[in-house]
Amino acid sequence: MWRAAQFAIRVLVPLAVVALVWGELTRLDWPQVYGEMARANFLLLVIAGGVVAANVAAMGLYDAISFPAAPRLGFSRRWGLGSLCFAWSNFLTIGPIGGPALRFFIYGRYGLTPAQVAKGLAAQYVGFAAGLIGWLIASSVAVSGVPGLFVRCGVAFGLAVTLALFIQRFTETYRAWRSRGRPTSDTPSQHLGPKRAISLGVVGFLDWGCSLATFWIVASATGMTLDLAIAARTFLGGHLVGMVSMLPGGLGSADAAWLYGLTHAGGDSGYEADVAAAGILLFRVVFYLLPWAIAAAVTLTLAGQRLEGAANWRPRVLAAVASVYAAIMLAAQALPSGNAWPMPAPLPSTLVLTQLTHLAALLAAVGVACQAPALAAGSARAWMRLTVLTAIGLLAPALKADDLQEVLVSALVLVLAIAARGSFAEAVSWRGPWWTVGATLALCTMLYWIVGVQAFPRRGLDPGDLLLFGTRQGAGRVVRGGALLVLLTLASLAWGLTRRRIDASSRPD
């Protein structure tokens with residue numbers, strides 16, 4: 001019955017949320033959404049990034065407080081490892097699954113037993129739940145006659161600490177009732193204790209407070225003027241919907257709940273839906289993507305010094321980074337050009353240059369995606385191709401000077417690749433199944449067409465745009481790029497089948 005209930009929740013809750021916001025979803029104008037993202041206040045986004053850094057540091061304190069010390073596992077190292085784990089699991093949207101799995105793996109290498117890791121994880125959820133409930137209640141209380149912000153922060157802090165102490169007391173009482181005088185192997189350091197409970201309550205308050213502040217600042221960057229209490233109820237309500245839906249990271253269900261809350265917090269719902277969608281996408285980038293990128297850089301450069309055998313992680317980590325980078329670049333090439341963050345153009349902007357740079361960036365993104373399996377195997381040739389293709393992806397938007405975001409992302413991936421050079425061997429070669437490249441190209445083609453069709457919804461894309469180089473050149477670029485990807489996919493599959501037949505005929509009977 002519980003398995004059936006889990007399935008029903010995972011299906012029915014997201015469907016109910018989507019049905020609730022279906023009107024807003026159908027009114028979304030994706031070019032307008034992209035324009036709102038490009039016009040966002042860059043200074044406020046930088047401030048939001050600083051708050052996210054404080055948030056990651058606060059989340060790292062969960063590990064520093066919850067897990068016991070070991071010979072190679074002091075307070076600062078637990079803090080750093082916890083920050084890395086949260087940055088990875090938040091981006092991968094598998095926090096409830098990947099977060100514990102990462103900690104069992106990492107802390108086990110530092111000498112902690114599975115029981116110690118499990119108790120540390122349980123202590124983490126005490127602070128996590130106390131902070132969430134405290135902020136949720138504080139955002140719902142009525143405030144009059146006094147500054148609401150300070151009162152709500154005070155209520156959230158008091159509730160987080162009180163709830164953490166209550167949970168600690170309840171668990172200790174339950175533990176004593178279960179043991180009923182029988183001896184236990186637990187040491188005093190493995191018990192939660194009032195002091196650790198208070199510390200975890202404070203961390204939970206800081207964690208959710210920084211998350212809420214990031215959401216509010218990003219919403220302000222896109223032009224939404226939200227009362228902090230409304231922003232808190234929207235943000236926390238979306239997280240609760242995501243938790244109830246049991247989807248990894250609440251991906252989709254939480255976003256739909258945020259969209260509903262934001263569109264009903266402003267005026268004109270049609271325009272607000274576009275602005276709200278832009279704010280949600282920017283929040284996902286600032287809160288999830290950027291911390292993960294920094295954590296990936298730290299993992300690539302320092303993991304080999306901290307964990308035994310961690311150098312073997314680097315090819316796989318770089319392969320994951322390359323896959324995400326390829327998806328970002330493919331989506332960027334399918335969107336209309338335009339940038340609210342200007343930069344100097346080294347060459348005069350011409351139609352020919354725009355077409356060539358778009359084609360070069362598109363082929364570079366596809367090439368990076370095809371190199372991911374060989375990168376994971378540790379091939380030095382794949383690493384060399386990645387660096388060359390990433391450099392092309394960096395230079396192409398820099399020449400047309402209208403996509404600073406692509407330049408920054410390409411530069412970050414190039415730095416990560418250079419940092420991981422020592423983990424790739426010249427002797428390693430990789431040759432996957434005949435269909436590997438074709439399947440990768442097919443996925444790239446699907447992503448490119450889906451984003452492109454959504455980016456030009458009013459007229460859509462038609463084959464006639466293939467020959468348009470002046471008017472509607474954005475649509476023409478997308479159609480030409482998509483047609484090229486289709487041809488490359490078919491050619492790759494044909495070559496793979498030919499290679500398979502040659503290999504089969506050359507094998508002995």
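What share of the contacts in the protein chain with a separation of 6 or more comes from residues 24 or more positions apart? Such residues account for 75% of these contacts, a contact being heavy atoms within 4.5 Å.

The structure is a predicted model, in which local features need pLDDT of at least 70 and side-chain atom pairs count only at pLDDT 80 or more, while totals for chains, interfaces and linings use all residues. Residues are numbered from 1 along each chain as its sequence is written, and side-chain values use heavy atoms, with hydrogens and water left out.

**Overall composition**

The protein chain contains 18 helices and zero strands; these are DSSP runs numbered from the N terminus, with helices (H or I) of at least four residues and strands (E) of at least two. Of its 509 residues, 46% are buried, that is, under 20% relative accessible area with a 1.4 Å probe, protein chains only. The chain exposes about 24,400 Å², and carbon and sulfur atoms supply 71% of that area, computed by the Shrake-Rupley method with a 1.4 Å probe.

**Nonpolar cores**

A nonpolar core is a set of buried Ala, Val, Leu, Ile, Met, Phe, Trp, Tyr and Cys residues joined through side-chain atoms within 4.5 Å. The largest one has 51 residues, and those touching the most other members are Leu45, Trp135, Met224, Phe235, Trp258, Leu262 and Phe283. At least two residues each come from α4 (42-66), α7 (114-138), α8 (148-179), α9 (193-221), α10 (228-245), α11 (253-263) and α12 (269-306). The most is given by α9, with 12 residues.

Beyond its neighbours within four places in sequence, Phe283 contacts Ser211, Thr214, Phe215, Val218, Phe235, Trp258 and Tyr288. A second, separate core has 48 residues, among them Ala87, Ala326, Ala334 and Val413.

**Helix packing**

Axes are lines fitted to C-alpha atoms over the stretch in contact, and angles run from 0 to 180 degrees between N-to-C directions.

| Helix pair | Angle | Axis distance |
|---|---|---|
| α7 and α9 | about 55 degrees | 7 Å |
| α4 and α7 | about 135 degrees | 9 Å |

Helices α7 and α9 are therefore oblique to each other, and so are α4 and α7; angles under 35 degrees count as roughly parallel, over 145 as roughly antiparallel, 65 to 115 as roughly perpendicular and the rest as oblique.

Where α7 meets α9, the residues of α7 include Gly127, Gly131 and Trp135, and those of α9 include Gly204, Trp208 and Leu212. Between α4 and α7, the contact is made by Tyr62, Asp63 and Ser66 of α4 with Gly120, Ala123, Gln124, Gly127 and Phe128 of α7.

Definitions and conventions: Buried means under 20% relative accessible area, exposed over 50%, partly exposed in between (1.4 Å probe, protein chains only).
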